[in-house]
Amino acid sequence: MKISQLKNKRILILGLGREGFDTYSFLRKTFFNKELMIADKRVLDDFDINIQMVIKKDKNLKLCLGPDYLNCLKDVEVIIKSPGINISSIRKYLDEDVVLTSQTEIFFDNCSAKIIGITGTKGKSTTSSIIHGLLKNAGLKSYLLGNIEKPSLSYLSRITKDDWVVYELSCHQLQGLKKSPHIAVFLNLYPEHLDYYRNIKEYFLAKANIFINQKKNDYLVIDPKIRQVKEILKDVNSKVIEIVPINHMAFLN
């Protein structure tokens, strides 16, 4: 969703964690007098004192806090969901015409730079940091954002088309994502987060959004041993690069 499309929409930010607060700060800076809404299961006293102070000063902010926070979802046109909230848990509260999006999706839709997205059950942060370092050592301007505790929207205004963005992507950030990065790196898949997803298939399908919407000029870097990825490669539009991970234990023998 383009930033300009948000100007005249009734917007609710669902979840006021690190990413949610960054989204709020970005929207408030972009639309100074616009009415915004925030919904969170916590009450005001549960937030950091600095966040409380910012919220209390905002006269154009409507809060939906506490146990009934999901009831506010029917009064809006756009919901920007935080990663920790499962789409399936809120679907019954949504009107048919509401747009459900996320900070990651808004960033992807508005970022002019090429994005390298990295996901996997293990090794995301390490791999993202290495790629970011390699780009910088090559003399390129690179931003390391995403699940590595750097929310992205606050960086959007300073990124140009000649820059690179290395974006660490968790399964929660990928869930429901409708745009894939130019280069997708899918490291591995192990049975985790099964308290959040019904089974490993659902967990994989969330992560698969990192490459499902790639175009023919995009790239997918994968470990060929990931069975779930191999099974759907025939439907992948991008150029596929297979890699074999190094067995680090071999260097210890």
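The side chains of Lys74 and Asp95 form a salt bridge, 3.6 Å from N to O (a salt bridge being a side-chain nitrogen of Lys or Arg within 4 Å of a carboxyl oxygen of Asp or Glu). Lys74 sits in the loop between E3 and strand E4 (78-81) and Asp95 in the loop between helix H3 (87-90) and strand E5 (99-102), so this contact ties together parts 21 residues apart in sequence. Bear in mind that this is a predicted model: local features need pLDDT of at least 70, side-chain atom pairs count only at pLDDT 80 or more, and totals for chains, interfaces and linings use all residues. Numbering runs from 1 along each chain as its sequence is written, and side-chain values use heavy atoms, with hydrogens and water left out.

**Salt bridges**

- Searching the whole structure turns up 11 salt bridges.
- In the Lys74 and Asp95 pair, Lys74 counts as partly exposed at 41% relative accessibility, and Asp95 counts as partly exposed too, at 28% (buried means under 20% relative accessible area, exposed over 50%, and partly exposed in between, with a 1.4 Å probe and protein chains only).
- Asp58 and Arg28 also meet through their side chains, in a salt bridge of 2.9 Å, N to O. That pair links distant parts of the chain, 30 residues apart: Asp58 is in the loop between helix H2 (49-57) and strand E3 (61-65), while Arg28 is in helix H1. Helices here are DSSP runs (H or I, at least four residues), as are strands (E, at least two), and both are numbered from the N terminus.
- Asp58 and Arg28 are both buried.
- Lys230 and Glu242 make another salt bridge, at 3.0 Å from N to O.
- Lys230 is partly exposed at 38% relative accessibility, and Glu242 is partly exposed with a relative accessible area of 44%.

**Helix H1**

- H1 covers residues 18-30, and its 13 residues should span 18 Å at 1.5 Å a residue; the end C-alpha atoms are 18 Å apart, which agrees. The expected span is 1.5 Å times one less than the number of residues.
- Quite a list of H1 residues is buried, including Glu19, Asp22, Tyr24, Phe26 and Leu27.
- As a reminder on helix geometry, an α-helix has 3.6 residues a turn, so residues three or four places apart point the same way.

**The largest pocket**

- The largest pocket holds about 530 Å³ of space. Gly17, Ser82, Pro83, Gly84 and Ile85 are the closest to its centre among the 25 residues that line the largest pocket.
- How is a pocket defined here? On a 1 Å grid over the protein atoms alone, a pocket is an open set of points where a 1.4 Å probe fits, with protein on both sides within 12 Å along at least five of seven lines, and lining residues have an atom within 4 Å of a point.
- H1 and helix H6 (171-174) each supply at least two residues of the lining, and H1 gives the most, with three residues.
- By type, the lining splits into six nonpolar, 12 polar and seven charged residues. Nonpolar covers Ala, Val, Leu, Ile, Met, Phe, Trp, Tyr, Cys and Pro, charged covers Asp, Glu, Lys and Arg, and the others, Gly among them, are polar.

**Cysteines**

- There is one disulfide by the rule used, namely a pair of cysteine sulfur atoms within 2.5 Å.
- Cys64 and Cys72 are the partners, with S to S at 2.1 Å, and their link is left-handed, at -100 degrees about the S-S bond.
- Cys64 counts as buried at 5% relative accessibility, and Cys72 counts as buried at 13%.
- Cys111 is buried with a relative accessible area of 13%, and Cys171 counts as buried at 2%.

**Two more residues to look at**

- Glu149 has a positive phi of about 70 degrees although it is not a glycine. Most residues other than glycine have a negative phi.
- Glu149 lies in the loop between strand E7 (142-146) and strand E8 (164-168), and counts as exposed at 55% relative accessibility.
- Ile222 belongs to strand E10 (residues 219-222) and counts as buried at 0% relative accessibility.
- From C-alpha to C-alpha, Ile222 and Phe108 are 21 Å apart in space, and they are 114 residues apart in sequence.

How values were computed: Grid points are joined across faces, edges and corners, and a volume is the space filled by probe spheres set on the points.
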